[in-house]
Every structure is written in structure tokens, then in C-alpha cells.
Amino acid sequence: MKNRILLIFAVILSLAITGCNDEESIEKNEKVINHNWNESSLFESGGYTMIGEEGRLGFIYDDSEVVRFYPDKVQKYMWHFWGGEQELEGELKIVATHENEDEEIYVTGGALGAANNGADKHAPSNMSLPKSGIWKLDTYIGGSLFGSVYVKVHEK
């Protein structure tokens with residue numbers, strides 16, 4: 001009888017400990033997700049400064065007054081993509097999420113063009129974001145998430 005009670009106690013204790021560890025993992029993951037809302041890095045390719053992830057995706061952007069994002073201001077940006085032939089097949093779709101909201105908004109999309117400025121594919125775009133703050137631009141090619149670029153929309 002004593003052994004059964006000890007076994008039941010051990011099982012309950014292990015479940016309680018496992019439950020706490022799962023909650024801690026979720027909290028840690030949420031902190032990591034929230035911590036990543038920083039503007040993406042700038043890098044050089046083909047003689048241009050770009051924002052994004054070097055060797056993966058980005059668009060021409062040098063954080064100058066002329067090309068910065070401002071609320072509801074439509075700007076032209078040239079996207080560039082690096083990758084294998086299969087992952088670069090299909091239509092481009094870019095959706096944005098503001099740092100303080102969950103709702104995604106459609107930003108731009110279309111066909112990918114040939115190699116350009118050192119990238120395997122490129123696409124011209126007109127983009128506008130509705131309010132200031134940090135935005136995550138999720139980039140899909142052929143329906144699959146290809147990568148994300150974080151940009152800052154400045155105050156007017």
C-alpha cells in the first residue's frame with residue numbers, strides 16, 4: 001500500500017513539474033518572439049544598400065529621408081531573393097503585421113523577375129503601411145513563407 005501511495009505521489013509530482021516546465025518554455029518562446037520586433041539589418045548587394053536578411057531576401061533601402069516609410073505614403077521598392085530554383089517558383093505575396101496588432105494586411109504581390117543586383121530573383125513593388133511603428137513584412141513565394149523583413153514606419 002505504501003509503495004502505491006509513493007508511486008501515485010511520484011506521478012503527480014512529475015506531472016506538476018512537467019507542467020511548470022512547459023509554461024516556462026511557452027513564456028520563454030513568447031519573450032523571444034516579442035524581442036524580435038527590431039528593424040532588420042542593412043546589407044550591400046550589387047552596389048545597393050538593402051534591408052532584410054543578407055543572402056535570403058531584402059529590398060533596396062538605405063534608411064535615408066527619401067526612401068523611409070511614413071504612414072500611408074506609397075513608395076517604390078525593389079525586392080531581391082536568393083535561393084534555389086524550386087523555392088523561388090510561384091507568385092510573390094507580402095503581408096504586414098504591426099508590432100502591437102495581430103491582424104495581417106496585404107501589402108503587395110505579383111510575379112518574380114529574373115536575377116538582378118546579385119540576387120537570384122527580383123520584383124518591383126509599391127508599398128505603403130498605414131501607421132507608425134515596427135512592421136513585420138512576411139514574404140510568401142508560391143504560398144510558402146520565404147522570410148520576413150522588419151521595417152520602421154516613421155512619424156510624419
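Modeller: Let us begin with burial: a residue counts as buried under 20% relative accessible area, exposed over 50% and partly exposed in between (1.4 Å probe, protein chains only). By that reading, tryptophan 37 and tyrosine 150 are both buried. This is a predicted model, in which local features need pLDDT of at least 70 and side-chain atom pairs count only at pLDDT 80 or more, while totals for chains, interfaces and linings use all residues. Residues are numbered from 1 along each chain as its sequence is written, and side-chain values use heavy atoms, with hydrogens and water left out.

Colleague: How many aromatic pairs are there?

Modeller: Rings of Phe, Tyr and Trp (its six-membered ring) pair if their centres lie within 6.5 Å, and they are stacked with planes under 30 degrees apart, edge-to-face over 60 and tilted for the rest. Counted in this way, there are 11 aromatic pairs. One of them joins tryptophan 37 to tyrosine 150, an edge-to-face pair with 5.4 Å between the centres and 85° between the planes.

Colleague: Which parts of the chain does the pair of tryptophan 37 and tyrosine 150 link?

Modeller: To name the parts, helices (H or I, at least four residues) and strands (E, at least two) are taken as DSSP runs, numbered from the N terminus. Tryptophan 37 belongs to the loop between α1 (2-35) and β1 (41-45), whereas tyrosine 150 is in strand β9 (residues 144-153), so that the pair links distant parts of the chain, 113 residues apart. Tryptophan 79 and phenylalanine 81, by contrast, form a stacked pair, with 6.0 Å from centre to centre and 5° between the planes. Tryptophan 79 is buried at a relative accessible area of 0%, and phenylalanine 81 is buried at 0% too.

Colleague: What is the order of the strands in the open sheet of 5 strands?

Modeller: Two strands pair if DSSP finds at least two bridges between them. In the open sheet of 5 strands, the order is β1-β2-β3-β4-β7, with antiparallel pairing. The edges are taken by β1 and β7 (121-127), each of which has a single partner strand, so one side of each is left without a neighbour in the sheet. Within this sheet, β2 (residues 48-53) pairs with β3 (residues 57-60) in the antiparallel sense over 4 bridges, and methionine 50 stands opposite isoleucine 60 in β3.

Colleague: And which are the edge strands of the open sheet of 4 strands?

Modeller: That sheet has the order β6-β5-β8-β9, also with antiparallel pairing, and its edge strands are β6 and β9, each pairing on one side only.

Colleague: Which residues have the most contacts inside the largest nonpolar core?

Modeller: A nonpolar core is a set of buried Ala, Val, Leu, Ile, Met, Phe, Trp, Tyr and Cys residues joined through side-chain atoms within 4.5 Å. The largest has 24 residues, and those with the most contacts inside it are Phe59, Phe69, Trp79, Phe81, Leu129, Leu137 and Val151. Two or more residues each come from β3, β4, β5 (92-98), β7, β8 (133-141) and β9, of which β9 gives the most, with 4 residues.

Colleague: What is leucine 129 in contact with?

Modeller: Contact means heavy atoms within 4.5 Å. Leaving aside neighbours within four places in sequence, leucine 129 has contacts that include Phe69, Asp72, Ala96, Ile105, Trp135 and Val151. Valine 95, found in strand β5 and buried at 5% relative accessibility, touches residues among them Ile105, Val107, Leu137 and Tyr140, not counting those up to four places away in sequence.
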